[in-house]
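Open your viewer and keep the selection tool handy. We will go from stop to stop, picking residues and seeing what is there.

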Amino acid sequence: MFAYVVRRLLIGIAMLIVMTLITFVLFLNNKEAAVLASCGKNCTPAQKVEIAKTFGYDQPVVVQWGKFLKGVVVGREFPDDPALRKSSPQLVTQCPPPCLGYSYKSAALVRDVMKDTIPVSVSVASVAFVIWLVLGVLLGIIAALNRGTWVDKIIVGSTLVIFAFPTFFIGLLLYIFIALKFGWVPIPAYISIADGGIFNWFMGLLLPAITLVVFYMAGYVRMTRAFVLETSTEDYIRTAKAKGLPARTVIGKHTFRAALTPIVTMAGMDLALVLGGAPITESVFNFNGLGKLAVEASTQYDLPINIGIVVLLSAFVILANIVVDIAYAFIDPRVSVK
Amino acid sequence: MSVSGPQADTPTEVESPTTDQGSQIRGMSPRQLAVSRFRRDTGSMIAGGVVLLFMLLAVLAPILTKMKILRPYTFNSDKLDVNNGSVPKGALGGISWSHPFGLTPGTGTDVMSRLIMGMTFSISIALLAALLTVALGTVIGIIAGSSGKWVDAIIGRIIDMTLSFPQTLMLLALSSTLIYQLERLGVPKGNFARATYLILVLAAFGWPSFARIVRGQVLSLREREFVEAAHVFGASQARIWFKEMLPNLWAPILVYFTLTMPAYISAEAALSFLGVGVKPPTPTLGNILSDATTYYDSDFAYFIIPAFVLATVVVSFNLLGDGLRDALDPKADR
């Protein structure tokens, strides 16, 4: 088990390093585009030269990538150009490890810019995750147990229809009706637990969380329903029923068990993605999470922040993959990790 | 070779050999079975009809615009209430016989014309991206499934990595640099480059999931007798790939393609909202909808109508895809 985890982690780190290289090639392979992207539309030639030097865009992509990796491990100094650092020491910024870069636009370390946004994204994501997982699985089981009846049709049909509307539309609709018109919840805003207590924290992020629930739940309903239906015809389910086990035990212990593996896979991946911020939902509700930061960084051409977020999120997903694979060994006795 | 085309009467591949009561039991090819299953499925037939209607509208829209039946670019500024933030005069966003879906606030263009024309652009982008996704996924999946251990492992890692990238963010963050590069490579500037970017990047992040499915299918196909027989007869690798295996992959290809279309139509809308993608005056379902979100207060009808049109398109494509899957592979999990 231990050896397996170590091996998977090593492979994961190797993957992340390659993915960082791909990210650098994609973002920075064209020097002029990179400079222009960091400088915006109205860029003077002097600014261009300055930016290229500050960021090290004038060097080959592989060198920049190497410096980034080195920064993550041992830290680095900005601006990148040693001559510039020497000539104007007042500009120098120390970036201790793990250094994800320096944003020229925000005049701050990428890590510091991200730091305040992470609790927002994590709060919304975790509340949404719990709701959609519980609700999705429950609705899926209910639909499967009432297969072909109007209950089944309503559950499957409504998830399909709601899912077809774009997230930002659903979010706005919730905002207009539930918060503005009916006033059932306060105007959505992020209030940290330390500032306002758990209740205010929860009520403030309820609508963005529900928006995410609507987007993610449909898949869980469909998958749970399909797997419960598939297993309900198995011999061991018939045996369980025949020996007189109560329906609750049959469903909870035998039927649902089979659906657990695919649900855990899906849940692990989705959680990793949503923890890394929900760009659309956060933009609609004006929550300063990682997702909104990414949107702003893209519209303001802030490449270092974009790269930092992409690397961080990729690491989340890779880690989630590993956790899911390890979880298999606990859920499914047929799986053994070597 | 399409799966849903009209069938010849003579059975081509008889699944179970006819016995002595053969006059009663007529052999049916898998294709005939699928078609008859699909025909019995009323919901999917309706969804298929709606999809066909939308496709027809999308094809005809440019012609209708040329004939001035649709006027997506005509400003009816006389019908706007200038004193009230240029919201259309009249109830429900200016809905009337000449403008059944009302007028766009601010510009006064006909919403229905814009939506139909927008369908042309949205469906074209989704169609090209889905075709590219499925083509890439099929080719790479076949190669991974039928090559040796090393090639398979390398492709497997590439698939893992591509799926590990945060897709929405990559699409968003890469747009500034990659669109610029496309323009430098000679793609016409502006909306054409933006649409090309969308198509290429959606496909670039979309192919791995399908390649995985194809690989799985190929792994089981290559153990089948007809592939072994082809090997024994000395068939070339290309022949085995394209003549023996590909015909057996049409069912998953068709199903995946049909389900990818609505996903990409939604993706176009989501990216439009985030500011990536085709910009007005060229209409797409996405940019109409994201424009509409700014009027949720002043013109509720305009806020609602494009969303319902988009949802109808997406739902009918999804239902069609589900129906095709049920018809082509009754055992597939849903």
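Asp152(B) is buried, at a relative accessible area of 15%.

A note before moving on: this is a predicted model, where local features need pLDDT of at least 70 and side-chain atom pairs count only at pLDDT 80 or more, while totals for chains, interfaces and linings use all residues. Residues are numbered from 1 along each chain as its sequence is written, chains are lettered from A and ligands numbered from 1 in the order in which they are written, and side-chain values use heavy atoms, leaving out hydrogens and water.

Next, pick Arg225(A) and Asp152(A), whose side chains meet in a salt bridge of 2.9 Å, N to O. Both residues are buried.

Now try Asp235(A) with Arg238(A), a salt bridge whose closest N and O atoms are 2.7 Å apart. Arg238(A) is exposed, with a relative accessible area of 55%.

For the last stop, select Arg222(A), Asp322(B) and Arg325(B): what links them? A network of salt bridges does. Over all chains, a search of the whole structure finds 12 salt bridges.

Technical notes: A salt bridge is a side-chain nitrogen of Lys or Arg within 4 Å of a carboxyl oxygen of Asp or Glu. Buried means under 20% relative accessible area, exposed over 50%, partly exposed in between (1.4 Å probe, protein chains only).
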